[in-house]
Amino acid sequence: MDGLIIKAISGFYYISAENGNIYECKARGRFKNANQTLLVGDRVDFTPDGEKGVVDAVKERKNTLNRPPVANIDKLFIVSSSVVPSPNTLLIDRMTALCAYKNIEPVIVFNKNDLEDVGAWCRIYKNAGFKTIACSAVSGEGIEDIINELKGCVSAFTGNSGAGKSSLLNKIFPTLSLNTGSVSEKLGRGRHTTRHTELFAHNFGGYVADTPGFSSLEAEKDDLTFKENLSDFFTDFEAFKFDCRFSDCNHTGDKGCAVLGAVKEGKIEETRYKSYLTIFEELKDLKAWNIKK
Ligand SMILES: Nc1nc2c(ncn2[C@@H]2O[C@H](COP(=O)(O)OP(=O)(O)OP(=O)(O)O)[C@@H](O)[C@H]2O)c(=O)[nH]1
Ligand SMILES: [Mg+2]
Ligand SMILES: [Zn+2]
């Protein structure tokens, strides 16, 4: 039978089949032998046995992410909140680079607009050319805009713990009744309420995954191991980077760098450029480490 993995918990895969049933499946041993992990969002062939079953094969993937662990998504909602927790531009910029790399469309969401105005954050990302939504899971502001972006897509919500991913999904789909958690005012962050990635079919012709949030303390580097030119994944640099004096310019303060020029003229957002420099340094370390190995 054909199916879609909607949830994966300690070696069990919950598969939604075309007949509308959900099967609790194990993977065949050869997946483990080949060190191949199955992901939520994987399209699979499986052999049902009552309400259980075994996964036989995984269909070719369009893309995968390690964090959040999902496959085959069209769109990633990168969710931040105005306060507790405050937006972390480096985290957002890592995720947008990853989206560009993995051919996923990012939508930048600033939640909790009822607590503090998110306009300034939205402007940064609008200026950088991204779809950006200001919203509130409490007042309902911006919910229609999110729904419009959900239509016909397989998408996932990601972002810091406590930003309000599950709350937004509950607001849009009240029957989901996802667990939401309090945030620690003292530490200014969430409490990792959502523990598993789970994909839900919705009535706007698609699927959406709720995922466990990041802790703002941990570095989200897992997926950023690409060897290609990092600037290729900063889509807002595109209009300038071909005007650099040197064709191999890496835009880190080099002479005659048109990207740096654009930052100085306010045509590229400073926080975006700062994130670029940080990630560039990380990847440099990573490359050196790979060579040593
Ligand atoms: N004032 C206000 N509070 C919100 C809003 N959205 C979420 N919250 C609160 O923020 C807290 C965290 O919300 P969650 O939905 O659990 O956050 P999450 O992003 O799913 O967090 P994890 O599952 O830990 O990753 C809860 O106390 C929510 O009630 C909002 O728009 N406005
Ligand atoms: Mg949650
Ligand atoms: Zn340059």
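Okay, one thing before we start: when I say two residues touch, I mean that their C-beta atoms, placed from the backbone, lie within 7 Å. Keep that in mind, and remember that what we're looking at is a predicted model.

Setting aside residues up to four places away in sequence, glycine 159 touches Ile78, Val79, Ser80, Lys165, Gly213 and Phe214. You'll find glycine 159 in strand S11. Is it buried or exposed? Glycine 159 has 28 other C-beta atoms within 10 Å, so it is buried. And look at phenylalanine 77: along the chain it is 82 residues from glycine 159, but their C-alpha atoms are separated by 8.2 Å.

Now zoom out. The protein has eight helices and 13 strands. Its C-alpha atoms fill a box of roughly 65 × 50 × 35 Å along the principal axes. For 293 residues, a compact globule would have a radius of gyration near 19 Å, and the protein's 20 Å agrees with that. Of those 293 residues, 40% count as buried. If you take the contacts between residues at least 6 apart in sequence, 63% of them join residues at least 24 apart.

The chain is divided into domain 1, residues 2-58, domain 2, residues 64-210, and domain 3, residues 230-292. Between domain 1 and domain 3, the C-alpha centres lie 42 Å apart.

On to the inside. The largest nonpolar core has 67 residues, and Ile5 and Val109 touch the most other members. Helix H2, residues 89-102, gives this core its largest share, six residues. What does valine 109 contact, leaving aside neighbours within four places in sequence? The answer is Phe77, Ile78, Val79, Ile133, Cys135 and Ile146.

Next, helix H5. Six of its eight residues are buried, so H5 is largely enclosed by the rest of the structure. The buried ones are Lys165, Ser166, Ser167, Leu168, Leu169 and Lys171. Covering them are, among others, strands S8, S9, S11 and S13, along with helix H4.

H5 also matters for our ligand tour: this helix, residues 165-172, supplies the largest share of the shell around ligand 1, three residues. The whole shell has 24 residues, and the closest are Gly164, Ser167, Thr180, Thr194 and Gly213. By class, that shell splits into six nonpolar, 15 polar and three charged residues.

Arginine 189 counts as buried, because it has 21 C-beta neighbours inside 10 Å. Its C-alpha atom is 7.9 Å from that of asparagine 160, 29 residues apart along the chain.

Most residues other than glycine have a negative phi, and most peptide bonds are trans. So which spots here stand out?

Valine 84 has a positive phi of about 25 degrees, and the peptide bond from valine 84 to proline 85 is cis, with omega near -5 degrees. Valine 84 sits in the loop between S8 and H2, and proline 85 is in that loop too. There's another cis bond from arginine 67 to proline 68, again with omega near -5 degrees, and proline 68 is in the loop between S6 and S7.

Serine 10 has a positive phi as well, about 30 degrees. It's in the loop between S1 and S2. Buried or exposed? Serine 10 has 5 C-beta neighbours inside 10 Å, so it counts as exposed. Valine 84, with 20 such neighbours, counts as buried.

Key:
Residues numbered from 1 in each chain as written. Chains lettered and ligands numbered in written order. Predicted model: local features only at pLDDT ≥ 70, side-chain atom pairs only at ≥ 80, totals over all residues. Helix = DSSP H or I, 4+ residues; strand = E, 2+ residues; numbered from the N terminus. Rg over C-alpha atoms; globule rule 2.2 N^0.38 Å. Buried ≥ 20, exposed ≤ 12 C-beta atoms within 10 Å, placed from the backbone. Near = placed C-beta within 6 Å. Nonpolar A, V, L, I, M, F, W, Y, C, P; charged D, E, K, R; others polar. Domains from an automatic or database assignment. Core = buried A, V, L, I, M, F, W, Y, C linked by C-beta atoms within 7 Å.
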